[in-house]
Amino acid sequence: MPTHARITNVKTTRFFPRRFPIRSLVQVTSTEHDRVAITTLRRPGLGFAPTLQTHSRTAATMVRTGYYRVDPQKLGKITFNKTEDLIDDWHIEYDESEEADAHAGTLKHAAKELTTTDYPVAFPTETVYGLGADATRSSAVNAIFAAKGRPADNPLIVHVHSLPQLRALLLGKREVTGDGKEGGKDPIPDIYRPVIERFWPGPVTIILPVPDNSVLAPEVTAGLPTFGARMPRSIIALSLLRLCGRPLAAPSANASTRPSPTAAEHVHDDLSTKVRIIIDGGPCEVGVESTVIDGLSSPPAILRPGGVTVEQLRQCPGWESVVVGYKDKQAEDSSKPRAPGMKYRHYSPKAPVVLFEAGAGKPVFEELRTKSSIGIIRTKSWEPVCNLAAEKTGSSNTNRQASCFPTDAEVYPEPGVSSSRLANLLRSVVQHQIPHADHYIVKPEGIQAWDINLGAETENVARGLFSALRELDKKRVETIYVEGIDDKSGDDIAVAVMNRLRKAAEIRT
């Protein structure tokens with residue numbers, strides 16, 4: 001018997017996808033935009049779902065952005081089937097009712113956009129929001145670089161929905177047939193088998209050889225003989241990938257150098273005049289990008305820390321001696337980066353960031369008194385507003401998303417289904433909160449202070465870090481002070497958190 005996760009359907013509004021004129025983003029040359037205020041369109045009685053529309057006119061075209069909410073629990077019935085492969089199979093029987101079309105219909109419309117136009121689509125994954133385009137077409141991939149302002153020598157990660165799809169890429173094929181193996185031989189290097197079995201779908205990207213007859217657009221690899229691939233742990237991302245039937249090149253859906261987006265509103269802040277579809281699937285589960293690993297080198301190496309830690313990797317056969325192949329600051333040489341995040345400035349808000357390493361103390365009043373407005377991000381030990389004399393005046397109106405899980409879903413585990421496999425797939429429908437800022441007036445100078453508490457748990461810090469940086473940027477603070485966390489011990493993702501912060505900050509020790 002297959003495993004069924006019956007996602008109950010809740011009455012919702014009818015959604016009618018808007019069709020837009022097809023025009024490539026690479027044609028856009030002007031940076032001057034004629035902006036129209038964002039409004040929420042609701043038409044009672046006709047059943048339209050609320051949609052944000054943003055208009056922009058450039059010298060070459062007008063980009064109109066649709067902002068569409070998709071609840072992963074309202075897509076339909078999800079089925080998990082045990083297979084002999086490294087990952088169990090999954091299937092969605094989409095709910096075709098009029099009430100549910102606001103969710104499944106949005107994904108189908110986005111999939112058509114990806115296959116018939118060059119416009120990229122912003123969509124949620126478990127790590128951060130991605131900006132995806134057909135990885136097999138240069139014109140579509142170039143639109144990603146244009147929208148983000150991304151350097152052309154920064155390679156892109158390829159996202160797949162299944163191992164057969166990945167095997168097809170390694171064999172230079174566009175279409176997937178059967179299990180993807182050729183003559184019973186698996187083109188996926190053996191070194192990655194234990195990693196895939198334990199962590200996929202999930203936040204780890206593997207480096208693979210580019211075949212001589214590759215169908216990937218050359219811009220994806222940035223001239224390298226290898227490419228990175230991963231299977232995201234998000235039912236929205238997996239569904240979109242399967243619906244469009246193409247691998248998607250998808251870096252983070254933010255403007256280049258900005259903090260990565262962990263909520264749809266972050267994508268809107270950066271790219272609302274650059275993309276036509278933003279899929280809002282709620283806040284991301286992990287909050288930092290995937291771990292990038294290279295098993296083709298000897299010994300294997302971690303090229304970027306992320307949602308899977310070095311301690312976890314070392315528990316996989318063949319990865320006991322994995323080494324760290326990255327630095328906590330961007331590379332300063334002119335060589336091509338082997339993975340995203342290795343060379344260029346990244347993760348930075350507009351305001352200067354001052355990072356206090358774990359145990360390095362906290363900001364003192366003598367320093368803060370020179371500021372008119374400050375932001376504070378706390379983790380384990382700092383008191384609110386660093387224990388300064390301050391009066392709390394209120395909280396921000398951040399668009400918070402309640403944590404939810406399909407608790408009413410009926411799940412019937414099939415005998416023999418790996419618990420780790422099932423857990424990876426079921427976690428794809430989890431949603432979380434994004435942090436909010438409390439406002440204080442520091443006396444006697446009257447300094448405006450915005451304080452965000454991410455909590456002591458490392459997973460919560462990782463999940464909320466980029467959101468916190470962006471939230472404080474919206475408050476237009478002069479400086480952001482961050483309480484760092486200990487990344488020297490423990491089996492968690494503290495290393496990834498501190499790596500991102502050190503790349504964005506002035507460091508206090």
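Begin by selecting G245, the residue that follows helix 6 and has a positive phi, near 70°; helices here are DSSP runs of H or I with at least four residues, strands are runs of E with at least two, and both are numbered from the N terminus. The model is predicted, so local features need pLDDT of at least 70 and side-chain atom pairs count only at pLDDT 80 or more, whereas totals for chains, interfaces and linings use all residues. Residues are numbered from 1 along each chain as its sequence is written, and side-chain values use heavy atoms, with hydrogens and water left out.

Next, select helix 6 itself, residues 235-244, where eight of the ten residues are buried, meaning under 20% relative accessible area with a 1.4 Å probe and protein chains only. Those buried residues are I235, I236, A237, L238, S239, L240, L241 and C244.

Now turn to the largest nonpolar core, which has 84 residues, and select L166, Y192, I196, W200, I279 and I293, the ones that touch the most other members. Helix 6 supplies the largest share of this core, seven residues. A nonpolar core is a set of buried Ala, Val, Leu, Ile, Met, Phe, Trp, Tyr and Cys residues joined through side-chain atoms within 4.5 Å.

Stay with I196 and display its contacts (heavy atoms within 4.5 Å): leaving aside neighbours within four places in sequence, I196 is in contact with L86, I87, L163, I188 and I206.

Finally, select V63 in strand 4, which spans residues 62-69; V63 counts as buried because its relative accessibility is 2%.

Notes
Buried means under 20% relative accessible area, exposed over 50%, partly exposed in between (1.4 Å probe, protein chains only).
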